[in-house]
Structures are given as structure tokens and as C-alpha cells.
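Take a look at the model below. How do its chains meet, and what surrounds a single residue inside one of them?

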Amino acid sequence: MSLHDFLVAPFAYEFMQRGLLSAAVLSLSGGLLGCILVLRRLALMGDALSHSLLPGIALAWLLFGPSTTALFVGALVAGLLTALGSALLSRLTRVKEDAAFGSMFIVFFGAGVALVSKLPTRLNLTHFLFGNVLGVSASDVRLAAVVSGVTVLIFAVFYRAILLETFDPVFHRAIGGRGGLVHFGFLALTVLNLVAALQTMGIVLALGLFLLPAVSAYLWCDHFFRMLLLSVAIALVSSVAGILVSYHAGLASGAAIVLCLGVVFVGSALFSPNYGALYRFRQYLRERRGVRNSPN
Amino acid sequence: MTTVPHHILRFRALTVRYGPTTALENLTLDIPCGSSTAILGPNGAGKSTLLRAILGWQALAGGEIRLGDTHPQHALPRLAYLPQRQAVDWDFPITVRGVVEQGRYPALKLCSRLSAADHARVDRALEELGLTELAERQIRMLSGGQQQRVFLARALAQGADIFLLDEPFAGLDLFACEELTHILRAWETQGRTVLAAVHDLELARRTFTHGVLLDTTLVAAGPINEVLTPANIDRAFRHGHCVHEHPLHPAHHTHGEPTE
């Protein structure tokens with residue numbers, strides 16, 4: 001197979017163009033959001049949030065059929081209900097926020113699975129779980145582009161507020177910043193992007209497109225802004241590679257993209273010059289040798 | 001000492017409650033600006049609460065706080081708050097300069113960049129605290145004392161003249177404590193106001209000129225040596241012991257004399 005056959009020929013198909021476009025567009029916003037998830041230690045919460053979207057999607061499907069808008073609104077409502085519900089639970093009861101979130105999302109996910117098993121057509125819903133480029137419609141691409149554009153714009157305009165709220169929320173508050181608003185806005189953006197990533201990535205794997213590039217970038221960067229840029233770059237390259245792999249190997253697109261991101265992540269975790277495992281291990285060995293060779 | 005009204009932090013009958021527990025009760029107090037004041041007292045005496053109340057983070061159950069003639073909320077640029085060291089994520093991808101630049105953020109409009117004047121102020125703050133050489137380091141790669149100085153520099157870059165410090169000495173080694181003492185003394189002679197919640201009474205005596213001794217109510221306030229008399233210390237810390245001696249009636253003892 002020539003390089004042309006491998007890299008260019010697949011995109012002669014319209015569905016491949018759409019899949020590539022939506023993955024690329026979501027890489028921009030996903031790479032940014034992932035950095036905040038990682039730095040604020042919300043990675044597991046993001047995972048919970050993505051699972052909780054299922055009942056919203058299933059219910060919308062049951063009521064309105066496969067309409068992009070209905071699925072989008074359904075998922076959005078489910079995600080916001082989980083976020084608000086767990087926030088309320090942790091305020092009103094003794095239950096702490098992580099336990100509240102964990103409980104809420106698993107109940108939602110259970111309800112989602114129950115609804116899916118009642119649906120007339122099961123096949124299409126597995127696409128929502130694991131992603132399917134074939135299913136990306138033109139309106140899905142438009143939705144992804146709008147959501148991603150809004151996310152990037154918000155990051156550009158409120159860059160400093162986002163940095164402060166992530167690094168030092170107490171200081172942000174002390175200078176009159178509105179931390180609650182930033183936090184809620186961030187949750188809403190995360191839900192929006194998860195929903196927009198449904199078709200390409202599937203809800204179970206969508207978070208991978210946000211999280212993995214950010215963790216990888218975290219292992220390389222000592223500047224917040226550079227971390228954002230690198231994260232977006234990793235997401236872009238990996239999602240293009242993932243789409244190609246999925247085409248040639250006949251894999252689900254979400255899985256292929258996450259696997260490509262996984263390679264970058266494991267590589268970073270091992271080989272990052274300052275924060276990687278190999279560097280730390282070598283340093284540990286050097287220190288031990290130093291102790292053994294010292295005069296006492 | 002003559003003080004212009006503008007340069008005074010006043011508390012009038014300040015009361016703060018968390019649900020059924022009273023954190024501060026009927027506190028009436030003047031803190032002169034241009035001095036360094038330690039807020040002292042046992043655990044739960046309301047030291048941190050007092051700082052938080054000044055910043056407006058605490059709904060007041062009664063009373064008021066005035067900075068000169070205005071509400072402190074209208075003077076936020078004059079106030080700089082220093083977080084406790086353990087509240088900071090030291091692995092965050094940010095350099096010393098990056099943190100100090102945050103001090104200029106409140107003065108910036110949306111989407112505008114740091115001006116040359118802003119950069120000059122950042123440089124000056126770094127210089128004053130001896131951080132110029134370390135400016136490009138990631139903040140984990142610093143000693144405890146240097147980490148503390150980064151946040152002091154941010155407060156300076158902010159252009160604040162009233163510094164609210166929550167347990168600044170916690171977790172610092174002896175050398176770093178001495179260093180911080182020097183910095184705070186120097187600030188005081190430059191007419192800056194330092195207000196710090198402090199645990200260690202002897203450290204407070206060496207570092208600060210004024211003291212406020214709390215035990216939910218005001219025990220004593222004034223020059224530090226007049227505040228930290230054995231009788232006052234005994235009065236402030238005895239109530240704490242009462243809680244342990246009468247576990248069934250803690251409220252009875254911490255809230256002063258019963259009224260009935």
C-alpha cells in the first residue's frame with residue numbers, strides 16, 4: 001500500500017471527511033478542557049459525568065428517534081441533573097462530593113442501561129457507547145464545530161480567570177473573582193463537549209480525548225499556556241491517526257483514537273525528561289550509588 | 001499615636017456564626033494601619049474567621065467592618081490575602097514569575113495583556129524578595145521559605161498595602177521563619193500593614209508590634225507585650241481547656257458567662 005493509499009485515499013469518502021472534521025474540531029476544545037480536569041483533579045468526575053449521559057440519550061431516542069438535537073438536549077439535561085444533583089446532595093446531607101457524584105452517576109448509568117435494553121433497535125446505541133464515524137452526520141459536525149468554537153472562545157477571553165480558578169481559587173475569590181460561576185461554566189462546557197463527541201468517540205470513550213492529551217502534556221510542561229497548546233496538538237495528531245487506524249483496521253473510531261492517545265501517554269509517562277518514570281528511576285539509582293560510594 | 005481615620009481598620013460589635021456555633025462574638029476593635037499585628041488565640045478562637053470576615057467571605061451575624069470610612073469590599077485592591085502553604089498545588093505547571101504576574105491580573109481588563117509597567121512591577125516584586133534568579137523555576141523546585149516568598153511577591157505586585165496572612169509560619173523551618181520575620185519587620189517600617197493569624201506566641205512577640213488576643217470574644221488588643229501578659233494568655237487559653245474538662249457542656253463554657 002502506498003503512502004497515498006494509507007493517508008489520503010480514505011478521505012475520498014464523505015463519511016471519513018465528516019469523521020475527521022468532527023474529531024479534529026473536538027480535539028481543540030477537548031485538549032483545553034482536559035488540562036483543567038487534570039489540574040483540578042476532576043478526572044474521575046469527568047468520567048462519571050460522561051457515563052451519566054446515557055439515560056438522557058436513551059430517553060431522547062425512545063421519544064424522538066435518532067434526531068441530533070433531541071439526543072443532544074437529552075444528554076445535556078442528564079449531565080446537568082447529575083452535576084446539580086450531586087452538588088445538592090453534598091450540601092444538604094452528610095455525604096461528601098465525590099461519594100455523591102459516584103452514587104448519582106451509577107444510578108443514572110443503571111437507568112440508562114435499563115432504558116437501552118427496552119429500546120426497539122439496540123445496534124445503534126452501541127455506537128453511542130463506543131463511537132462510529134459512519135454515523136457522523138453533517139449536523140453532528142456542525143454541532144461539534146459550534147461547541148468547540150464556543151469553548152475555545154471562552155478559554156481565550158477568560159484565560160486569566162480560568163488560570164486563577166484552577167491554580168488558586170482562594171486568591172481568585174480574594175480579588176473579587178467569581179469562582180462559582182467559573183466552576184459551573186466549566187462543568188457545563190464539559191457536558192456540552194462530551195455530548196458533541198458522542199458520535200465519533202462514544203460516551204464511554206469520549207473522556208479519553210479530553211483527558212489523555214492533557215495528562216501527556218502535563219508530563220512535559222512547566223507553563224500553563226504551553227501545556228494547553230501541547231495538549232491540543234497531541235489531541236489533534238492522535239485523532240487524525242486514530243481515524244486512519246480505525247479505517248484501515250476496521251476498529252470502532254473511539255477505540256482507535258483512544259489507543260493512539262494511549263501510546264502518546266505511556267510514552268510520555270516513561271520518557272518525559274523531568275517527570276517521567278525512567279528519569280526518576282535513573283535518579284534513584286544514581287542517589288543510591290552516591291550513598292554507597294560516600295566515605296561513610 | 002495619631003492615626004488618620006482613613007488608615008484604620010475598625011470592627012464594631014462584629015459577630016460571626018457557623019450554624020449554632022459562634023466563631024466571633026461582639027468584637028469591637030481598632031487596628032491601626034502601618035503596623036504589624038498578630039492575631040492570636042487557641043484553636044477555634046476565630047483567627048481565620050476574622051481574616052475571612054475582612055475579605056467579605058463571611059456573612060456577618062451582626063456588627064460591621066470598616067476600612068477608614070468605606071466597606072473593605074470597596075477596597076479589595078488594597079487587600080492581599082496569602083493562602084496557607086498546604087493549600088497550594090506545588091506541581092502546577094507554573095513558574096515563579098507566572099505566580100507573581102497573577103498579582104497584576106486584577107488591574108487588567110478582559111483580553112488585555114500585561115503592559116511594560118506591569119512587567120516592571122513584577123520585576124520589582126521579584127527583586128525585593130530576592131527571587132530574580134529563581135524567576136523561571138517551576139514552583140516545586142524551591143525551598144519552603146522561597147515558596148512562601150513567591151506568594152509575598154505576588155501580594156507586592158498586586159500593589160496592596162494591607163496584607164492578610166493565614167498561618168504564614170506553619171511548616172517553615174527555623175531559617176525560613178527568621179527570614180520571614182525579617183521581611184515582615186521591613187514591611188512594617190515601610191508603612192505597610194500586616195495582619196497575620198499566628199499560632200506561636202513567642203514567634204509573634206519577636207515579629208509583630210501589635211497583637212489581638214481572641215477567644216471568640218476579644219481578650220486583649222494593643223502593643224504586643226501588653227497583650228501577651230501571663231494573665232491575658234491564661235484567660236484566652238483557659239476556655240479551651242474548659243471544653244475538654246466539660247465535654248457535655250462545651251457551649252456553656254465557650255460562650256462566656258451564662259446569662260440566666
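The paragraphs below start with the contact between the chains and end with one residue.

This is a predicted model. Start where chain A touches chain B. Chain A puts 23 residues into the contact, and chain B puts in 29 residues. The size of an interface is often given as the accessible area lost when the parts come together. Here, chain A and chain B bury about 2,300 Å² between them. Carbon and sulfur atoms account for 66% of that area. On the chain A side, look for A:Arg160, A:Phe167 and A:Phe171. These supply 32% of the area that chain A buries against chain B, more than any other three residues.

Two salt bridges are counted between chain A and chain B. One salt bridge pairs B:Asp89 with A:Arg41. Their closest N and O atoms are 3.7 Å apart. Six residue pairs are in polar contact across the interface of chain A and chain B.

Which helices of chain A each supply at least two residues of the side that touches chain B? They are H9 (159-167), H10 (169-174) and H14 (224-249). H9(A) gives the most, with five residues. By class, this side of chain A has 15 nonpolar, three polar and five charged residues.

Finally, move to chain B and find B:Thr37. This residue lies in strand E3 (residues 36-40) of chain B. Is B:Thr37 buried or exposed? B:Thr37 counts as buried because its relative accessibility is 1%, and the cut-off for buried is under 20%. Leave aside its neighbours within four places in sequence, and B:Thr37 still contacts several residues, including B:Ile31, B:Val194, B:Phe208 and B:His210.

Note on methods
Residues are numbered from 1 along each chain as its sequence is written. Chains are lettered from A and ligands numbered from 1 in the order in which they are written. This is a predicted model: local features need pLDDT of at least 70, side-chain atom pairs count only at pLDDT 80 or more; totals for chains, interfaces and linings use all residues. Side-chain values use heavy atoms; hydrogens and water are left out. Contact means heavy atoms within 4.5 Å. Buried area is the accessible area (1.4 Å probe) that two parts lose on being put together, summed over both. A salt bridge is a side-chain nitrogen of Lys or Arg within 4 Å of a carboxyl oxygen of Asp or Glu. A polar contact is a pair of N or O atoms within 3.5 Å; within protein, one must be able to donate a hydrogen and the other to accept it, and residues adjacent in sequence count only if both atoms are side-chain atoms. Helices (H or I, at least four residues) and strands (E, at least two) are DSSP runs, numbered from the N terminus. Ala, Val, Leu, Ile, Met, Phe, Trp, Tyr, Cys and Pro count as nonpolar, Asp, Glu, Lys and Arg as charged, and the others, Gly among them, as polar. Buried means under 20% relative accessible area, exposed over 50%, partly exposed in between (1.4 Å probe, protein chains only).
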